[in-house]
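Biologist: Please put the model up. I will ask about it part by part.

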Amino acid sequence: MGFLRKAVVPAAAGLLLTTVGLAGGRLPAAQAEAVTAGDLVTHEENPRVPQGAAWTEAYFPSSDGSGVELHADVLRPAHLPADTKTPVIVSVGPYFSHTGQTDPEGWDRTGPSSRFLDFIDGARLMARGYTYVMVDLRGFGGSTGCLDWLGPGEQADVRAAVEWASRQSWSTGKVGLYGKSYDGMTGLVGNNLKMDSLKAVVAQEPLWDLYNYIFTNKIPRPNVTATPEAYNAMATMPPMADDSDRYKANAAYEQNHPECLRNNLADMNNPDPNSAYWSARNLAAKAAGSTTPLLVTQGFIESNTKPEDVDDYLANHRGRERGWLGPWDHVRGNDTDAEGRLQMGRAGWFDEVMRFYDQYLRGISPTVTDPAYAIQDNLGQWRAQPTWPMTTLSYDATLSSGQYVDDGGGVSARTAPEGRWDMEHAPPRKPLPDKLKIAAQGSAANSFWTWSTPAAQKLRLTATPSIRLTANASGNVMVRLWDLAPDGKATMFNENVALLEKSGTISFDLKSTDWTFEQGHRLGVQIGTIVETDDWGWLDVPSGNTIKVTGAQLNLSVQNPRYYDVPTQGGRAPYLDAYLAANTTTLGDVGPGTFPLKVSQG
């Protein structure tokens, strides 16, 4: 069935004007809303429109004065009068093209993206009387401009999207942001911008500092070129044949401006985390003093958008916080596996999200008390906490001195595996347990160990461990943390790397963690060359140098479960068992403990 689609431009007063209905001209502003109401397209007219919604499109300028024009798909509750004011939930990102999210999806007609159809339907957004808006970041979908990897330009787009949604005649002026991965990061950006109209942010599995997706302490990850190439490909996806002329013209922007693609590829290959480029994309640092209520999720053993700088972001944020944290991969709160098991293990994602939005966008006090933080540890047990992290004790563990040959485990140079490396479709992780065993037990020449004494009681490592060490030569260093059981089985649960540019002292963080040690277990700290156990590591170039390490200290934050564990509902995340199977091996010849694993002073 055919339908009418309009092209919309902003009026000075914030109303929508349309080119439909007047030959050769625009309607007066006073008549614009009536025409807009008549232009709405329902599910019955176009099956790509969610049931219960009425769809229209809009265009408005970004907020940086660049002339960039942003495109939005607007879904209004079909059962409400067109002039009914509703709160607005906005998603801003690169995945809302009419053609498809990351690749053409084979649609036979144009329509709004299905990216968050699970949210629209599962949360009953339309029936609840919310408006939902999907905004294309510059360079994607129906928006003009050069894609900007969430830099100043795309941050201006987020501001424009929130402010535009708050000003519309059908808006109450109260806006929430919703997303996962890239469009979860635009939620973090929205919080950082400190806008009065933004009342709540839901961000699932975001990056907290974009540098960490491409580099680790100046060592490139395998996606150093594959990620910019993936987003360049998304920015040049063709529009649908029945898209409007305006949408088609905007969608061709990157094809007509090849410098956008060249610059994106070159800019993202800067290894310096303190450069202007990466400083602008350090969302954790920019969160200082922000107060927007947040609901976030983070997988501590994520293989994609890893838990790096989540601790810093939450420490810098000063507003109300909610979170689901635990041992899962890059999934949404409502995702299930092939057997129907919740990927995070906890039920009620959409119910909790809507209680959160209702509270801050509508002023409705929840009748259910949700924990501020619901956290699942590596034993599969859920607890409630008023904040995260919560520590009983922080201390420095003195590590042994030692040396290793920076030989990369016998690899002279590494090459990136093939595959997509955008944040939604990165290649599946391929764990290699045999390589893990080699990395743990292999040549004494390329790593050395320090062991704790056995834990006298059950305890939990939390927050973000960090290490400080002095090296006598340039090269690469990898630090891995292991949980060693009394029977010799050891699980690697944390790792990070750094470039040793010259001899001297270096400090760096490992990943944020929440790992419970049973009584009698020991912590192993492995320092050495970068040895890969799967294809998600780093593209380091081994120096071949023999590196002597002295003065190493590992800073640990420890929580006493006896004091903090308040049970809350939830089951075991399925990914946890897969992770344990891939990252556990049996160690022999374990040395004596030289530092305590403790939960109190003394």
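Biologist: Which strand gives the most to the lining of the largest pocket?

Modeller: This is a predicted model, where local features need pLDDT of at least 70, side-chain atom pairs count only at pLDDT 80 or more, and totals for chains, interfaces and linings use all residues. Numbering runs from 1 along each chain as its sequence is written, and side-chain values use heavy atoms, leaving out hydrogens and water. Strand 19 (459-471), strand 21 (489-500) and strand 22 (504-509) are among the elements that each supply at least two lining residues (a strand is a DSSP E run of at least two residues, a helix an H or I run of at least four). With six residues, the top contributor is strand 22.

Biologist: How many disulfides does a search of the whole structure find, and which residues are joined?

Modeller: A disulfide is a pair of cysteine sulfur atoms within 2.5 Å. The search finds one. At S to S 1.9 Å, the joined residues are Cys146 and Cys260.

Biologist: Which parts of the chain does the pair link?

Modeller: The two cysteines are 114 residues apart, in distant parts of the chain. Cys146 lies in the loop between strand 7 (131-136) and helix 4 (152-167), and Cys260 in helix 10 (residues 258-267).

Biologist: Is Cys260 buried or exposed?

Modeller: Buried means under 20% relative accessible area, exposed over 50%, and partly exposed in between (1.4 Å probe, protein chains only). Cys260 has a relative accessible area of 1%, so Cys260 is buried.
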